[in-house]
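Hi,

Here is the structure we talked about. Please open it and keep it beside you as you read my notes below.

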Amino acid sequence: MPKGIFYAAILLTLLSWVPLALAVRMRVESRTTPRIHIFLDMDVQSHFKPQETNPMFADNRAMRPQVPGTIALGELKADQHLYRGKIDGEFADTFPMDVTMELLERGKQRYDIYCAVCHGATGFGDGIINKRAELLAESGAGSAWITPSDYSSGDVPGRSVGHLYNTITNGLRTMPAYGSQIPTEDRWAIVAYVKALQRAGSGTIDDVPADQREALSNQMAEAKAAAEKAAAEEAAEAAKEAGDGTEATPTETSANENEEQHSTN
Ligand code: HEC
């Protein structure tokens, strides 16, 4: 056999191991890039990082501001009633959805989470945060606290539902805004519940179903009589004690004597 063919055979044999060696290497090595990346597509391309400069624009900024008037897909929010609580630029007196028991219950649940801490579970402005702030103020630690509004007093009972919705969404004076934390529908649900709290706080006997009024009136009369009786008894007791008080002078002197005895001991 000519020597040339012999060497060529050895060389080819050795070369035939190369693909296998490559395959083994690929299997044992770990890397973060794809092992075989023949078509680069758009994986590797020139780009700007955030906050980099780009002389192509007059302001030299690579990051471009949004073109005024552009709106992300699905973010149009053109419904003024639903999203801003307004009809023809005025705060709406109506809800943009049906007020159902389900909505009220959702509102109660959300109210208890977001609002009750300040406004209290029944909306009198006596939530746990307010109690704490009052304690701090008493101890002289802080006096800048503004008491959360009582829903049943001042301007609040007269506020339209659109106004209440706006207060939750954007805040009002020192009341913080909750628009970014509470979704639109939930804000309306809370408005419905606030209205329910206000209604509950201003109820009279006429709101009770006619067939239950008498029983309730009797109960109220009984409670009133019991309270009056207790008050009269208390007054009698107080008068009796006051009577004792006039005769109590000797006991007072004896107390003084006791004190003197203590000091001599
Ligand atoms: C961190 C405490 C705090 C929380 C939580 C809070 N509020 Fe208030 N809210 C206030 C304070 C304080 C005021 C009074 C603002 C003022 O007079 O400067 C107020 C005022 C209001 C008013 C009266 C506004 C008016 O028309 O005068 C409404 C209505 C109201 N809050 C509703 C809510 C609702 C609904 C929530 C829950 C989504 C909520 N608040 C959560 C503190 C709070």
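Predicted model: local features only at pLDDT ≥ 70, side-chain atom pairs only at ≥ 80, totals over all residues.

Residues are numbered from 1 along each chain as its sequence is written, and side-chain values use heavy atoms, with hydrogens and water left out.

**The ligand**

Next come the polar contacts. A polar contact is a pair of N or O atoms within 3.5 Å; within protein, one must be able to donate a hydrogen and the other to accept it, and residues adjacent in sequence count only if both atoms are side-chain atoms. The side chain of His119 has an N or O atom 2.8 Å from a nitrogen atom of the ligand. The side chain of Thr174 has an N or O atom 2.5 Å from an oxygen atom of the ligand. Arg173 places a polar side-chain atom 3.1 Å from a ligand oxygen.

The ligand takes up the space of the largest pocket. A pocket is found on a 1 Å grid over the protein atoms alone: it is an open set of points where a 1.4 Å probe fits, with protein on both sides within 12 Å along at least five of seven lines. A molecule sits in a pocket if more than half of its atoms lie within 2 Å of its grid points.

**The whole chain**

The protein chain has 9 helices and 2 strands. Along the sequence, the pattern is α-α-β-β-α-α-α-α-α-α-α.

What is the radius of gyration of the protein chain? It is 40 Å, whereas a compact globule of 265 residues would have one near 18 Å. The radius is taken over C-alpha atoms, and the globule rule is 2.2 Å times the number of residues to the power 0.38. The C-alpha atoms fill a box of roughly 145 × 75 × 50 Å along the principal axes.

Of the 265 residues, 18% count as buried. Buried means under 20% relative accessible area, exposed means over 50%, and partly exposed is in between (1.4 Å probe, protein chains only).

**Residues to look up**

Start with the loop between α1 (3–28) and α2 (80–84), where Asn60 is found. Asn60 has a positive phi of about 60°, although it is not a glycine. Asn60 is partly exposed, at 40% relative accessible area. Lys77 lies in the loop between α1 and α2 too. Its phi is near 50°, a positive value in a residue other than glycine. Lys77 is partly exposed, at 37%.

Gln51 also has its place in that loop. Is Gln51 buried or exposed? Its relative accessible area is 66%, so Gln51 is exposed.

Now go to helix α6, which holds Thr169. Thr169 counts as buried because its relative accessibility is 14%. A polar contact of 3.2 Å joins its side chain to that of Arg187.

Helix α7 (184–201) holds Gln198. Gln198 counts as buried, at 10%. Its side chain reaches the backbone oxygen of Val156 at 3.4 Å.

Last, find Gly127 in the loop between α4 and α5 (128–138). Gly127 counts as buried because its relative accessibility is 2%. Its C-alpha atom is 22 Å from that of Ser180, 53 residues away along the chain.

Best wishes

Conventions. 1 Å grid on protein atoms, 1.4 Å probe; cavity = no way out; pocket = protein on both sides within 12 Å on 5 of 7 lines; lining within 4 Å. Helix = DSSP H or I, 4+ residues; strand = E, 2+ residues; numbered from the N terminus.
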